[in-house]
Amino acid sequence: MNPAQHGEPRDPHDDGRPRMRAVVGSHRIEEEIFGRAFDGKVVRRIWEFVRPYRRQVVISVAAVLTFTATQLSIPLLIRYAIDHGMEPGGVQNNVLTVVAILFAVVIAINYVASRTQEAVTGRMAENVLFDIRRRMFAHLQRVSLSFMDKTEVGRLMSRLQGDVNSMQEFLETSVLSVGDIMLLVGIVGVMLWLDWQLALLVLMVIPILLVVRILWLARARAAFMAAHEANSVTNGALAEAIHGVRAVQAMDRAALNARLYDELVEDNFNAHLRASRLAQIMVPIVDSLTGIAMAVVVVAGGLMVVSGRIEVGVMVAFLFYIQRFFDPIRSLTMQYSVMQRAMASGHRLTEVLDVEVAVQDAPDAVALGEDDDGSVEFRNVTFGYDPEHPVLKNVSFRVGSGETVALIGPTGSGKSSSMALIHRFYDVDDGAVMVGGRDVRAVTQESLGRHIAMVLQEPYLFTGSVMDNIRYSSHWATDDDVVEAARAVGAHEFISALPHGYETILDERGGNLSLGQRQLLSFARALVVDARILVLDEATANIDSYTEMQIQRALRTLLEGRTGLVIAHRLATIRNADRIVVLQQGQLIEEGDHEALMDAGGLYSRLYTMNYASFDDLPDEITEAERAIAT
Amino acid sequence: MTDTSTELQANDPQRIFRRTSSVGRDQGLGAIARITRMAFRYPVRVTLALVATVAAVLTQLSIPVILGRAVDQTQAIAEGGGDRDALVASALILLAASVARGLFTLVQNYTAESVGHSLARDLRKDIYDRIQRLSFSFHDRTHSGDLITVGMLDLEGVRMYFSTALVRTVLLTLLIGIGAWLLLSTDLVLGLLALSFVPFAAWRSSVMQLTLRKTWLVLQERLAILSRVMEENLAGIRVVRAFSAADHEMAKFDRASTEALRLSHSRINVRVRATSAMTMAFFGAMALVLLVGGRQVAAGEITVGTLATFLTFMTILQMPVRQLGLMVNAYARASTTGARLFALIDMPVAIDDAPGAPELQITDGTLRLEDVSFAYDGSGGQAAVSGVSFEARRGETIGVVGAPGSGKTTLMHLIPRFYDVTAGRITIDGQDIRDVRLSSVRQAVAVVQQDSFLFTTTIENNIAYGDPFTEGRRIRGVSDSAQLHDYVLGLPKQYGTIVGERGVSLSGGQRQRLSIARTLMMEPAILIFDDSTAAIDAGTESRIRAALREYAADRITLIVAHRLASLMHADRILFLEDGSVVEQGTHEELLALGGRYKALHDLQMRPEGDVLDEKEATP
């Protein structure tokens, strides 16, 4: 759309003439929608999920075949009745009665078959869909965090929803297309059986239809895709206007945006009209071919009746079959697109399912228990997300039970990675991380979770009540425990002031609370776990001084009687720690208490005297300078 | 959940946008009438669609008749009495009728769809325009997801109305009406038998569609819960891992998933029961026609051709009758979606230009607040700002401090007229901001917001957002002042880098600097920093301040900040408490005053480690 969107690197002042730098909405980066029509590997993977339902598959295919057979038999019954039950003059009750009974039987079978087919197929497809989704979701709980960090949530969601849905569509229509193929084969077969010459004459239209249809499909699909694309671009622009409405109004862009949006809407309109024209063009073509086939039956069939070669009932039956045989061709060509889409989706699904599980309990893993102390130790730890570039190099330090250690260092020094290793989010490349005196790889992850409570930098809350959020996964905690934890961190007061107290439902991500309040809730959540060790990543953003004070107070409560490992940004936190560990570029460069480090006159003392509120958001030139000093 | 949401709904005029709330009968009928009227904005296409529908029905109905006659002609020839040329003529007429039916159907469908798309086009523009113009107070109380649903899903419901509801009604009425007349006038008994499945199938299909619709709405909610569980889990995966809460999360997932699955199974049952019953009714009627008609043929009362006409007519009628439910559903859908959609585009714009309002004329560049008070809608009249007065002249810098919730941001939002004052007035160079063009006020007063929304486009486009026709060198200039330029040069695509929701993610400080740059771009007479440097480190902030020294000489600068260092150089500082100014003066004056400002200052300036040791020293 707008070239500026995917522009080359350039400086904005290199062009003389003014041009408009405005777009609304943005071009979505769409994924490949259609894959190969058949991909054996994908089909095999999907079959794993269908296998538990193979009995249902057999039943539904059988039902589809039965259903098709009943549909085929009805014109035959009509033909039989016309040719043998209605000889003018003599009323042949027997034949008509027999037809009536047969008809009743066929209807009964048809009823059962159609119910079975639709219900069994539909449910099976739904079940498979939910199973695939569950397996993927469960798998995502175990894959490596670095995969999760690299992958946008929206992308994963489109796997869990869009791709899974197109698999469901595929399964459902697969069974139906078995029916379509059988119906087509059946109609052709029955017509040939009734009179092969007339049948061949009539069937001449099928190749014509197929050719037209194939020529049409390629163009139609392009038009449908274009319409789909235009729609998502337009909707994207609308969503942007809704989310960014305050910025739009503040910068007085409403009028210009409305003009730009009008262009998108017009494009969208035209794309849809094109698609609609292409879709509708098939109607007269199919109708004309039906007309040709019927005319052939009337003339050629009529002459055959005259010559006594066929009976009039056969002619009527042909007319009925003709009206049916275009439907399966139509749905079969549609099915082809469904299959291609399903293969592309299936491929993406298996990609997710194949992401390696990073960390697993060892077969002989033991549970960390009450007897294990709260010590944490790094023994010559080397670790990197990419082995070529380790983010921690041979780091060793020990935090005794009950001690509080502040971990500091500029961005990229490896603080966050150290924190992740304590909880065994990742496995070290070399050395060992010990918790409670045991290697984290030798204990169960579940027990590690109970032994270590974590507070992340961003206080992430879930939709649900305040009570549920503080308790989170600590099922053993009673309501009183929750309230007590909230009191301890000083959150009780504001929670009580909420419209429904602890039962107040938090909006998405706790949007109805201030940042400081959300932080206090995340403290309370960690306190409820009542773990031996607390690992905390302090928030960097500035909050007002009053809340700041509350948070500092809560932090003290939280650390009382526990081992604390804090990635600290605030001087207050750092100075209150028993010891300070300074990391830089993955190496431990200083260790000691505040006074000792100040005396040493290293990185810590320089940063401290520069009086930066946070050691994280340091201006680039300072980190550069420090790096220069270090090397 | 239930308590809060019902309570909110009861006194919220915007509750209509919530999917779960129902739409009143009158509103629904009104919506249907209005969509119908709107369709007649395109009289040519509407007429064409209707004429084509009639023609399509007539040709469609002629086919069974011609077929029946051809069968009779064949038999007549076989018995030696007929005319071969007549048979060939019948075949040709049949072919012509088929081609004509196809063409008429094409015209009918295409024009009907094009009317629908035209309506959608018009409504899209209306919706977009209205959403952009509705004031902050509307958006504060409306869930963005609900607006998105109106603009996307509800729009589809309205779009489908003309082709699926209106045209289909005409089609079905004519098809059944003329067809019934044709059959009944040929043979009353046989006609009644042939039509006997119609009422049952129509009823069954309507009930089915309405049930499906109702359960669909519930299912959508269940699926929304399921996707929220998944989405929150993935977005918060670090918390999940930190608490080793995979089992807890799987249990949540299973609860939501089982619920949705159960509902979708029950929907399958509803559909299957109805469709198989309809099929049975249809074949049953066909069997009766064959049986009774067969006797009549045998008795010589009717011809085989007539019987064939009856049977063919039934097959033609089958599909439309079975789809009658879709038509009923289209009406139901259009009435609720239309009601919601019209409620949005009819929503009065609270903050708008007065009729014939002139442009704001900036002369001295003086801002004056006179006894300004403000209460949010739905706050029960509780003032967020009360009785604030102050004046600022060009070149002055005013600082605003106060505890969270003291009304600082609210006060700042009154100046660009994001909200209208409830009492008092705000003037710029003597002109009440409510009496001049809104757009000129927004150009004159620019705010760097706390949470800045970045648009998913290039950095360049984001900076030029408020002045898209600017020259490239100005973009670089403001970017430099906001201390952003060096960072941008380090990016692979530099100013062409896409940021925002689907672009490169920026840190809080970078976002704020970008937000500052784009606000500077607007060259406003009044520049407001609303706590917009919280994530920027002190050093960078002071460099931004230095870079803006010259820029600030030409305008009024208002600074809201928690960090006193950000505003202690201001010409005047206002201390807000509960919406009122309780202290004001220069930094030195306020310190000398020894009041709240001094207390806050001490709190911040003391070495932080000591704060905790003196419990509750302040406030």
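How many residue pairs are in polar contact between chain B and chain A, both at pLDDT 80 or more?

1. The model under review is predicted. Between chain B and chain A there are 34 residue pairs in polar contact, with both residues of the pair at pLDDT 80 or more. On the side of chain B that touches chain A, the element that gives the most is helix α10 of chain B, residues 246–298, with 32 residues. By residue class, this side of chain B divides into 79 nonpolar, 51 polar and 36 charged residues.

2. The extent of the interface between the chains may be stated in residues and in area. In residues, 166 from chain B are in contact with 161 from chain A. The size of an interface is often given as the accessible area lost when the parts come together. For chain B and chain A, the area buried between them is about 15,200 Å², and 65% of it lies on carbon and sulfur atoms.

3. Charged pairs also cross this interface. The rule finds 5 salt bridges between chain B and chain A. In a salt bridge between the two chains, the side chain of A:E266 meets the side chain of B:K125, at 2.7 Å from N to O.

4. Chain A may next be considered by itself. Its secondary structure comes to 22 helices and 12 strands. Chain A has 631 residues, of which 57% count as buried. Among the contacts in chain A with a separation of 6 or more, 76% are between residues 24 or more positions apart.

5. The domain assignment divides chain A into domain 1, made up of residues 37–194 and 334–358, and domain 2, residues 376–630. The centres of these two domains of chain A, taken over C-alpha atoms, are separated by 53 Å. Their contact takes 4 residues from domain 1 of chain A and 4 residues from domain 2 of chain A.

6. Between domain 1 and domain 2 of chain A the count of salt bridges is 0. The side of domain 1 of chain A that touches domain 2 consists of 2 nonpolar residues, 1 polar and 1 charged.

7. Chain B is assigned domain 1, residues 19–346, and domain 2, residues 367–613. Over C-alpha atoms, 55 Å separate the centres of these domains of chain B. The contact takes 5 residues from domain 1 of chain B and 4 residues from domain 2 of chain B.

8. Domain 1 and domain 2 of chain B bury about 430 Å² between them, 61% of it on carbon and sulfur atoms. Which residues supply 82% of the area that domain 1 of chain B buries against domain 2 of chain B? They are B:F136, B:S137 and B:R141, which supply more than any other three residues. Across this domain interface of chain B the rule finds 0 salt bridges, and 1 residue pair in polar contact with both residues at pLDDT 80 or more. The side of domain 1 of chain B that touches domain 2 has 1 nonpolar, 2 polar and 2 charged residues.

Terms used. Residues numbered from 1 in each chain as written. Chains lettered and ligands numbered in written order. Predicted model: local features only at pLDDT ≥ 70, side-chain atom pairs only at ≥ 80, totals over all residues. Heavy atoms only, no water. Contact = heavy atoms within 4.5 Å. Buried area = accessible area lost by both parts, 1.4 Å probe. Salt bridge = Lys/Arg side-chain N within 4 Å of Asp/Glu carboxyl O. Polar contact = N/O pair within 3.5 Å; in protein donor to acceptor, adjacent residues only side chain to side chain. Helix = DSSP H or I, 4+ residues; strand = E, 2+ residues; numbered from the N terminus. Nonpolar A, V, L, I, M, F, W, Y, C, P; charged D, E, K, R; others polar. Domains from an automatic or database assignment. Buried < 20%, exposed > 50% of the residue type's maximum accessible area, 1.4 Å probe, protein only.
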